[in-house]
Structure formats: C-alpha cells, structure tokens
Amino acid sequence: MKNVITSLLLALLVVAVILLSEDLKEQEALLDELVDKHNEHLKYTEAQMDVLISHQKDITSIYEYLGEVQARRSFVSYR
C-alpha cells in the first residue's frame, strides 16, 4: 500500500513539474514580449528626446537672434 501511495505522489509530482514547466515557458514568452515592447518604447522616447533637444537649440538660437536685433534697434534709436 505504501508503494502505491508513493507511486501516486511521485506521479502527481511529475505532473506538477510538467505543468509548472509549461507555465514557466509561457511566462518567459510574455516577459520577452514585454522586454521587446519596452525596448521599442525606449527607442521612441530617445527619438522624441532628440527632437525636443533640437527644438530647444532652435528656440535658443532664435531667442539670441531676437536679442541681438533688439540690441541693434536700441543702439540705432539711441543714436
């Protein structure tokens, strides 16, 4: 009787390991998918950051130019 119970428990353990193994494979696949999406999002975010930095440089250049124009106008009107 002990051998039967031991065999049944061993069989249940084997089934549990197989089921957990399958679940682990599914979880790994989902994790890989999430990592891929995260990497794509990082690339998109980096590209957006590059655009924003470019715009900031453009705005700074325009601001400096307008400051120079204003300074020239002030100098001319002062004369």
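This is a predicted model: local features need pLDDT of at least 70, side-chain atom pairs count only at pLDDT 80 or more; totals for chains, interfaces and linings use all residues.

Student: Okay, and what does K25 form with E22?
Tutor: K25 and E22 form a salt bridge, in which the closest N and O atoms are 3.8 Å apart.

Student: Why are those two separated by about one helical turn?
Tutor: E22 and K25 are 3 residues apart in helix 1, so about one helical turn separates them. Side chains of opposite charge can pair when their charged atoms come close.

Student: And E22 itself, how does its accessibility class come out?
Tutor: E22 is partly exposed, since its relative accessible area is 40%, and a residue has to be under 20% to be called buried.

Student: How many salt bridges turn up in the whole structure?
Tutor: A search of the whole structure gives 3 salt bridges. One of them joins the side chains of K37 and E33, at 3.5 Å from N to O, and these two residues are 4 apart in helix 1, so that they too are separated by about one helical turn. E33 has a relative accessibility of 42% and therefore counts as partly exposed.

Student: What about E68, which residue does it pair with?
Tutor: E68 forms a salt bridge with R72, and there the closest N and O atoms are 4.0 Å apart. E68 and R72 are 4 residues apart in helix 1, so about one helical turn lies between them. E68 is partly exposed with a relative accessible area of 46%, while R72 is partly exposed with 48%.

Student: Switching topic: which residues form the negative surface patch?
Tutor: The negative surface patch is formed by E28, D32, D36 and E40, and D32 has its place in helix 1, which covers residues 2-78.

Student: How is the charge laid out over the chain, in terms of mean positions?
Tutor: The protein chain has 8 positive and 13 negative charges, and the mean positions of these two groups are 11 Å apart.

Student: Now the nonpolar side, which residues make a patch there?
Tutor: L10, L13, V14, V17 and I18 make a nonpolar surface patch of about 460 Å². L13 has its place in helix 1 and is classed as exposed because its relative accessible area is 51%, where the cut-off for exposed is over 50%.

Student: Is V51 buried, exposed or partly exposed, and where does it sit?
Tutor: V51 is placed in helix 1, and it is partly exposed, given a relative accessible area of 40%.

Student: And how far is V51 from R72?
Tutor: The C-alpha atoms of V51 and R72 are separated by 32 Å, with the two residues 21 apart along the chain.

Student: What do you get for K2 and L66?
Tutor: K2 and L66 are 64 residues apart in sequence, and the distance between their C-alpha atoms is 93 Å. K2 lies in helix 1, and it counts as exposed because its relative accessibility is 70%.

Student: Stepping back, how many helices and strands does the chain have?
Tutor: The protein chain has 1 helix and 0 strands, and along its principal axes the C-alpha trace spans about 115 × 15 × 5 Å.

Student: What radius of gyration goes with that?
Tutor: The protein chain has a radius of gyration of 34 Å, whereas a compact globule of 79 residues would have one near 12 Å.

Student: What share of the residues is buried?
Tutor: Buried residues make up 1% of the 79 residues in the protein chain.

Student: Last one, what does the accessible surface come to, and how much of it belongs to carbon and sulfur?
Tutor: The accessible surface of the protein chain comes to about 7,800 Å², and 65% of that belongs to carbon and sulfur atoms.

How values were computed: Residues are numbered from 1 along each chain as its sequence is written. Side-chain values use heavy atoms; hydrogens and water are left out. The radius of gyration is taken over C-alpha atoms; the globule rule is 2.2 Å times the number of residues to the power 0.38. Buried means under 20% relative accessible area, exposed over 50%, partly exposed in between (1.4 Å probe, protein chains only). Accessible areas come from the Shrake-Rupley method with a 1.4 Å probe; for residues, only the protein chains shown count as cover. Lys and Arg count as positive and Asp and Glu as negative; His and the chain ends are not counted. The place of a charge is taken as NZ of Lys, CZ of Arg, CG of Asp or CD of Glu. Patches are made of residues with over 30% relative accessible area and no salt bridge: like charges are joined within 9 Å, nonpolar side chains (Val, Leu, Ile, Met, Phe, Trp, Tyr) within 5 Å.
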